[in-house]
Amino acid sequence: MTRAATFDLSGYLDHERDIVEDALERAVAAVEPHVDAEVGAAVRHGVMTGGKRLRPILCATAYRACGGDGAAADIYDLAVTLELIHAYSLVHDDLPCMDDAELRRGTPTTHRAQGETNAVLAGAALIPAAALQALRSARALGRDDGAARTVARALLEAAGAGGMVGGQWLDLEGEGARLTGPELDTLHGRKTGALLAASLVMGALAAAADERTVRALEEYGTAIGLAFQIADDVLDATASAEVLGKNPSDATLDKSTYVSLHGLDAARAKAREVVGSALAALDAAGLEAPALRALAHYVIERDR
Ligand code: GRG
């Protein structure tokens with residue numbers, strides 16, 4: 001933990017985000033020729049309007065923590081497939097039939113800027129684009145066909161009905177209901193945690209890490225996924241729309257959250273405890289990984 005304190009996370013994040021933006025630009029440019037100009041503009045709006053880029057940064061960081069040494073462009077081409085899936089989920093989550101949001105990342109949501117039909121099509125186009133790019137980039141990193149399929153499967157399982165989409169469904173079903181603590185953990189483990197954990201797993205698999213290391217990073221990813229969601233609930237309850245870049249919505253939509261269930265102080269304490277278990281997973285696998293340690297703290301200390 002002291003190692004994390006001396007790590008220049010802010011410089012690391014700035015550097016990583018620049019490389020991630022370049023890789024996202026390549027990914028968007030590869031989709032645009034296949035769709036009409038309006039859908040292309042919606043794809044670009046959904047992907048290229050900012051965001052913390054946490055998932056690709058976690059993936060590339062896990063890859064290096066496992067000794068991955070493939071060409072830099074290839075690991076980021078793999079890492080941004082997580083962001084393509086994340087971007088689609090935000091575009092669809094903001095639609096009138098879901099959260100009906102006006103603002104995302106400080107700009108109008110994709111359907112507000114580019115129209116609802118274009119937003120639906122753009123989100124849908126991103127899913128196969130991400131899957132195909134995951135296969136291609138894992139092969140480019142030297143993984144054989146079987147290993148590349150395992151990498152792509154990790155992405156799609158996390159995104160699918162057993163992961164993010166299933167979590168979204170639980171979330172919609174839970175509006176207006178008072179969920180128990182374990183129900184809330186399950187909802188967010190699927191909605192947010194699965195893709196965050198897959199970020200670590202995909203980075204480790206791309207580096208051909210051994211099974212024990214892959215599982216340790218999955219454990220770390222699951223823990224920071226939960227911590228991330230608790231922090232999200234705390235921010236929704238405490239931060240302004242100006243800082244968040246979106247309108248706080250949990251109370252409006254009458255959602256159960258870690259704050260509504262436990263109160264602010266207990267939610268913050270739980271987030272710290274879960275970060276502790278993420279770090280313990282790295283310790284148990286003998287992974288020094290200073291960047292991952294610093295990122296675990298960042299997940300609960302961020303201001304947006
Ligand atoms: C049709 C049932 C159905 C589902 C479609 C819409 C959808 C699939 C899933 C949505 C799940 C979702 C919105 C998960 C994201 C949760 C979350 C914490 C988002 C914020 O992530 P950050 O903070 O955002 O990483 P930035 O803007 O930094 O990228």
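Predicted model: local features only at pLDDT ≥ 70, side-chain atom pairs only at ≥ 80, totals over all residues.
Helices, in what follows, are DSSP runs of H or I with at least four residues, numbered from the N terminus.

Which element gives the largest share of the shell around the ligand? The answer is helix 5, with six residues. Helix 5 spans 72–93, and the other elements that contribute two or more residues to this shell are helix 9 (164–174), helix 10 (181–206) and helix 11 (211–238). In total, 19 residues surround the ligand.

For Arg-55 it is 2.7 Å, and for His-86 it is 2.8 Å. As for cover, the ligand on its own has 750 Å² of accessible area, and the protein covers 87% of it.

Is Arg-105 buried, partly exposed or exposed? Its relative accessible area is 22%, and therefore it counts as partly exposed, since buried would require a value under 20%.

The backbone of Arg-105 is also worth a moment. Most residues other than glycine have a negative phi. Arg-105, however, has a phi near 55 degrees, which is positive. Ala-289 is another non-glycine residue with a positive phi, in this case about 35 degrees. Ala-289 sits in the loop between helix 14 (264–284) and helix 15 (290–301). With a relative accessibility of 12%, Ala-289 is classed as buried.

I turn now to two further buried residues. Gln-168 belongs to helix 9. Why is Gln-168 called buried? Because its relative accessible area is 14%, and the limit for buried is under 20%. Beyond its neighbours within four places in sequence, Gln-168 makes contact with Asp-93, Met-98 and Lys-191.

The second residue is Leu-141, found in the loop between helix 7 (116–140) and helix 8 (145–159). Leu-141 has a relative accessibility of 9%, so it too is buried. Which residues does Leu-141 touch, if those up to four places away in sequence are not counted? They are Tyr-63, Gly-70, Ala-71, Asp-74, Ile-75, Leu-78 and Ala-206. To relate Leu-141 to another part of the chain, consider Tyr-298, which is 157 residues away in sequence. The C-alpha atoms of these two residues are 29 Å apart.

My last topic is the aromatic rings. A pair of such rings is described by the distance of the centres and the angle of the planes. How many aromatic pairs are counted in this model? The count is one. The pair consists of Phe-7 and Tyr-12, whose ring centres are 5.3 Å apart. Their planes meet at 65 degrees, and so the arrangement is edge-to-face, the angle for that class being over 60. Of the two partners, Phe-7 is partly exposed at 23% relative accessible area, whereas Tyr-12 is buried at 16%.

That concludes my presentation. Thank you for your attention.

Technical notes:
Residues numbered from 1 in each chain as written. Heavy atoms only, no water. Near = heavy atom within 4 Å. Polar contact = N/O pair within 3.5 Å; in protein donor to acceptor, adjacent residues only side chain to side chain. Areas by Shrake-Rupley, 256 points an atom, 1.4 Å probe, with all protein chains shown as cover. Buried < 20%, exposed > 50% of the residue type's maximum accessible area, 1.4 Å probe, protein only. Contact = heavy atoms within 4.5 Å. Phe/Tyr/Trp six-rings, centres within 6.5 Å; stacked < 30°, edge-to-face > 60°.
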